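This report describes a protein chain for a reader who can look at the model alongside the text. Please keep the sequence and the structure in view while reading.

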Amino acid sequence: MSKNIEVKKGVVADIKQKFEKAQTAVLVDYRGLNVAEDTELRNQLRKAGVEYAVLKNTMINLAIQDMGLDDMKAHLEGPTAVAFGYEDAIAPAKILSEFVKKNKKMAIKCGVCDGSYLDEAGVQALANTPSREVLIAKIMGSMMSSVSKFVYALEAIRKQKAGEE
């Protein structure tokens with residue numbers, strides 16, 4: 001087998017591993033970005049722990065063949081970059097969505113979240129999901145609210161029985 005084919009097989013295996021390892025992957029069309037904008041985007045993604053790579057469509061297509069992501073094949077046209085989120089499932093979608101709103105030059109193609117295909121609307125919905133910390137704070141606030149109301153009710157009962165009203 002030629003050396004070139006072996007190299008391509010390695011690239012395909014690497015891409016497949018990234019898709020399997022990532023909680024979320026978002027594919028974008030980066031046409032129109034200049035170097036400064038691309039650098040800014042890469043810096044934002046790097047700070048969030050997101051891996052961003054420009055990949056060949058044919059290599060992505062070969063990598064996703066066995067993963068059941070056939071819906072993605074329709075989006076593999078034109079230049080494609082992929083943002084892989086390994087630690088935070090929302091970060092790639094949120095950062096890219098905000099960047100697209102600010103710089104209308106690029107477009108979100110589709111995404112993958114926990115092995116499931118997401119269309120552009122699905123990626124936008126994921127981007128609009130509050131962060132983990134915000135969700136935890138909301139849950140804790142709800143729990144504390146219930147506990148506080150219970151304590152106030154008990155206090156009112158105690159005062160009523162004691163004749164303190």
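Does Asp 114 count as buried or exposed? Asp 114 counts as exposed, at 61% relative accessibility; here buried means under 20% relative accessible area, exposed over 50%, and partly exposed in between, with a 1.4 Å probe and protein chains only. The model is predicted, so local features need pLDDT of at least 70 and side-chain atom pairs count only at pLDDT 80 or more, while totals for chains, interfaces and linings use all residues. Residues are numbered from 1 along each chain as its sequence is written, and side-chain values use heavy atoms, leaving out hydrogens and water.

Asp 114 sits in the loop between strand S4 (107-113) and strand S5 (116-118). Helices (H or I, at least four residues) and strands (E, at least two) are DSSP runs numbered from the N terminus. Phi of Asp 114 is near 50 degrees, a positive value in a residue other than glycine.

Thr 24 belongs to strand S1 (residues 24-29). Thr 24 is buried, with a relative accessible area of 1%. A polar atom of its side chain lies 2.6 Å from the backbone oxygen of Ala 89. Apart from neighbours within four places in sequence, the residues in contact with Thr 24 (heavy atoms within 4.5 Å) include Phe 84, Pro 92 and Leu 126.

Helix H6 (residues 132-162) has 31 residues and reaches 45 Å from its first C-alpha to its last. That is close to the 45 Å expected at 1.5 Å a residue, where the expected span is 1.5 Å times one less than the number of residues. Gly 163 follows H6 and has a positive phi, near 75 degrees. Leu 154 lies in H6 and is partly exposed, with a relative accessible area of 43%.

Side chains of opposite charge can pair when their charged atoms come close. A salt bridge is a side-chain nitrogen of Lys or Arg within 4 Å of a carboxyl oxygen of Asp or Glu, and by this rule the count comes to 8. The table gives some of them.

| Salt bridge | N to O distance |
|---|---|
| Asp 29 and Arg 31 | 2.8 Å |
| Glu 40 and Lys 102 | 2.5 Å |
| Arg 158 and Glu 155 | 2.7 Å |

Asp 29 is buried at 14% relative accessible area, whereas Arg 31 is partly exposed at 49%. Glu 40 and Lys 102 meet in a salt bridge. This pair links distant parts of the chain, helix H2 (residues 35-47) and helix H4 (residues 91-102), with the two residues 62 apart. Arg 158 and Glu 155 both lie in H6, 3 residues apart, about one turn of the helix.

Technical notes. A polar contact is a pair of N or O atoms within 3.5 Å; within protein, one must be able to donate a hydrogen and the other to accept it, and residues adjacent in sequence count only if both atoms are side-chain atoms.
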